[in-house]
Amino acid sequence: MFTKILIANRGEIACRVIKTARRMGIATVAVYSEADANARHVRMADEAVLIGGAEARASYLVAERILEAAKQTGAQAIHPGYGFLSENEEFAEACEQAGVVFIGPPASAIRAMGSKSAAKALMDKAGVPLTPGYHGDRQEPEFLAEQAQGIGYPVLIKASAGGGGKGMRRVDAAADFAAALASCKREAINAFGDDHVLVEKYVLKPRHIEIQVFGDTKGNCVYLFERDCSVQRRHQKVLEEAPAPGMTPERRAAMGKAAVDAAKAVGYVGAGTVEFIANQDGSFYFMEMNTRLQVEHPVTEMITGLDLVEWQLRVASGEPLPLAQSQLAIHGHAIEARVYAEEPEKGFLPSTGRLLHLAPPTESDHVRIDTGVEQGDEITPYYDPMIAKLIVWDHDRDQALARMRKALTQYRVVGVANNIEFLTRLVTCPSFANADLDTGLIEREEATLFPAAAAVPETAWLLAVLAELLHEAGAAEKSVERGSPWLGLDGWRLNGRGQRTIALRHGEVRQDVGVTAAAGGWELSVGDSRVFARGVLQGNGKLHAQLGERRVHAAVVIAAERRHVFVDGRAWPLARVDNLHTGGEGDEATGGLRAPMPGKIVALLAQPGATVEKGAPLLVMEAMKMEHTITAPANGTIKAFSYAPGDQVADGAELVEFEVTE
């Protein structure tokens, strides 16, 4: 077994590998970019080496620097994690040439499965079922359009060297094919350095089911059952679960055999995942093989009781698989939710910023948190905006769902936009709760998942004000002038009880809350409603409150002018209003479209001076490895573009000078 390994990755997967290595007594070396100098994986590792600039192409994608770090620190093996160089056959070969063990499959297996089109041909020979489509080498747009017409719409264009939902477009009509192909190729070349694509029949209401496989150097290969990853947005997974709901033993055995056959066809060693598109009738087609550990591997670990990273280390060191197929069994049900810094209501745009407050649910045998960040860390625009993976386990799916719902309501994040409330709605929506699964579930449940903005409940206003009062009282207690009558908050006044008003705002809604001091607390009034309030505010924001006859356990996090109220499974960011401020609202600027995040201009889709309708595409930005189309907010005229393709833009930068017409 190795005594020291280097992890050629960052974030939660680097932290995940470090945990297992530490348990096995293996020393770890982290590598980091300039943007990750104080990242959690750097803090956790025994050693850390700077390998380059903030962008991945200047650091985590530079094989030579990673190998030099391994040589410098005496690491015997490199764990690539997922993403970056994990499926790069040239890196695997370079490791071998440098005398460092690559903790993954041989380069030949990565090469065979790295091209989706080549892999399809190989799987066809191995007898693995394939989706109808064109998987050849010809890439002329006109030829690919002809193939799509022959296959029949809808079709799916996919980057041959891709993964993670990047370089993938569904096309429903011939008129849309050229634009989708161009966008797909741009995204593919930026993400993978290869714009080769394939075109396949888009299976209507498909399920995405994948099989975890494991091979060793002795010729053994097993499957560790399946995961259902059907719930996706923009072809990226949001929820994963194991085992797949409705899976029969016969179908599981058939899919498992097909996955093992696929792995054996390329001489596979280590952890890999064979992904299938499955019809509702039970038929299934090979989609691709990911020659690495998957993001969603924890659900497999939870139902098998195994540590897949440990298996990786043992197999890479030359040991045989720890268990045979007959010794593997499923226990209970597990669900994983990916907690992202993003805004679901804005097309899942990534969010960046500092994690001012981060309080995940308590971990236990039923609840697991895999994360690469802690409170105070920053979500930057350079990498995937994942905050954590929340994994729950219980004896059956219904109990696991209940665990997930509870855990999500306990998760508190302040500092960046996040998808926690969206995930809460997702796991409770009828389709997911009843296991009516397919890759279009989010679109199908749009009304439930993206409801109209709700009014702030009276309880949230009251809790925010109560927290404010308790915070003031606590500050007064700690003051060096403690004992001064001028700092007393008991409401004493010369001619009666002290009264004041605290004003809060949510968006354009302002709420004045009247405060009157009372014995043991305060009397709070919202409109004609009055209630006696008292409570205890803890240092982590937890608020144990009594509002009249009701006791409420909530949290209120104070960050600058914001009071983030977490109650009844919702988060309400309320702003404290300065009653002496007489300026404007800060929203008067008009006439332009601004960048929703930092990024790079990829293409301009219209001409200055053109008259366009609301929703017309104006330009394409790339941020966090994904393309985002900026559209016209109303009918109007494009006066000018502020940037050209290739330009980097900051968050909030004015992109287009736009004149609205009536």
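**Helix packing and buried positions in the predicted model**

Leaving out residues up to four places away in sequence, H357 touches Q375, R412, V413, V414, N540 and V557, contact being defined as heavy atoms within 4.5 Å. H357 belongs to strand 21 (residues 357-359); strands are DSSP runs of E of at least two residues and helices runs of H or I of at least four residues, both numbered from the N terminus. With a relative accessibility of 7%, H357 counts as buried; buried means under 20% relative accessible area, exposed over 50%, and partly exposed in between, with a 1.4 Å probe and protein chains only. The model is predicted, so that local features need pLDDT of at least 70 and side-chain atom pairs count only at pLDDT 80 or more, whereas totals for chains, interfaces and linings use all residues. Residues are numbered from 1 along each chain as its sequence is written, and side-chain values use heavy atoms, with hydrogens and water left out.

Three further buried positions were examined. V31 lies in strand 2 and has a relative accessibility of 0%, which counts as buried. Its contacts, not counting residues up to four places away in sequence, are L6, I7, A8, N9, H41, V49, I51, Y60 and A69. The C-alpha atoms of V31 and A45 are 9.3 Å apart in space, and the two residues are 14 residues apart in sequence. V565, in strand 32 (residues 562-567), is likewise buried, with a relative accessible area of 0%. Neighbours within four places in sequence aside, V565 is in contact with A460, L463, A464, A555, V556, R570, A571, W572 and L574. V565 and L537 are separated by 28 residues in sequence and by 12 Å in space, C-alpha to C-alpha. S160 is located in the loop between strand 7 (155-159) and strand 8 (168-171). The relative accessible area of S160 is 2%, and S160 is therefore buried. S160 touches G114, S115, K116, S117, H196 and V197, not counting residues up to four places away in sequence.

Among the residues that S160 touches are G114 and K116, which also take part in the contact of helix 5 with helix 6. Helix 5 (residues 107-114) and helix 6 (residues 116-126) pack at an angle of about 100 degrees, and their axes are 5 Å apart. Axes are lines fitted to C-alpha atoms, for helices over the stretch in contact, and angles run from 0 to 180 degrees between N-to-C directions. Helix 5 is thus roughly perpendicular to helix 6; angles under 35 degrees count as roughly parallel, over 145 as roughly antiparallel, 65 to 115 as roughly perpendicular and the rest as oblique. In this contact, A112, M113 and G114 of helix 5 meet K116, A118, A119, L122 and M123 of helix 6. By class, six residues of the contact are nonpolar, one is polar and one is charged. Ala, Val, Leu, Ile, Met, Phe, Trp, Tyr, Cys and Pro are counted as nonpolar, Asp, Glu, Lys and Arg as charged, and the others, Gly among them, as polar.

Helix 12 (residues 397-410) and helix 13 (residues 420-428) pack at about 160 degrees, with axes 9 Å apart. This angle makes helix 12 roughly antiparallel to helix 13. The residues that meet are L401, M404, R405 and L408 in helix 12 and I420, L423, T424, V427 and T428 in helix 13. They divide into six nonpolar, two polar and one charged.

The axes of helix 1 (residues 11-23) and helix 11 (residues 308-316) come within 9 Å and cross at roughly 65 degrees. Helix 1 is accordingly roughly perpendicular to helix 11. From helix 1, R16, V17, T20 and R23 meet L308, V309, E310 and L313 of helix 11. The contact has four nonpolar, one polar and three charged residues.

In helix 3 (residues 63-73), the buried residues are A63, I66, L67, A69, A70 and T73. They lie on the same side of helix 3, because they cover an arc of only 155 degrees around the axis, taken from the directions from the helix axis to the C-beta atoms. Exposed residues E64, K71 and Q72 are carried on the face turned away from the buried side. The cover over the buried residues of helix 3 includes strand 1 (4-7), strand 2 (27-33), strand 3 (47-52), strand 4 (77-79) and helix 4 (89-97). G74 follows helix 3 and has a positive phi, near 75 degrees.
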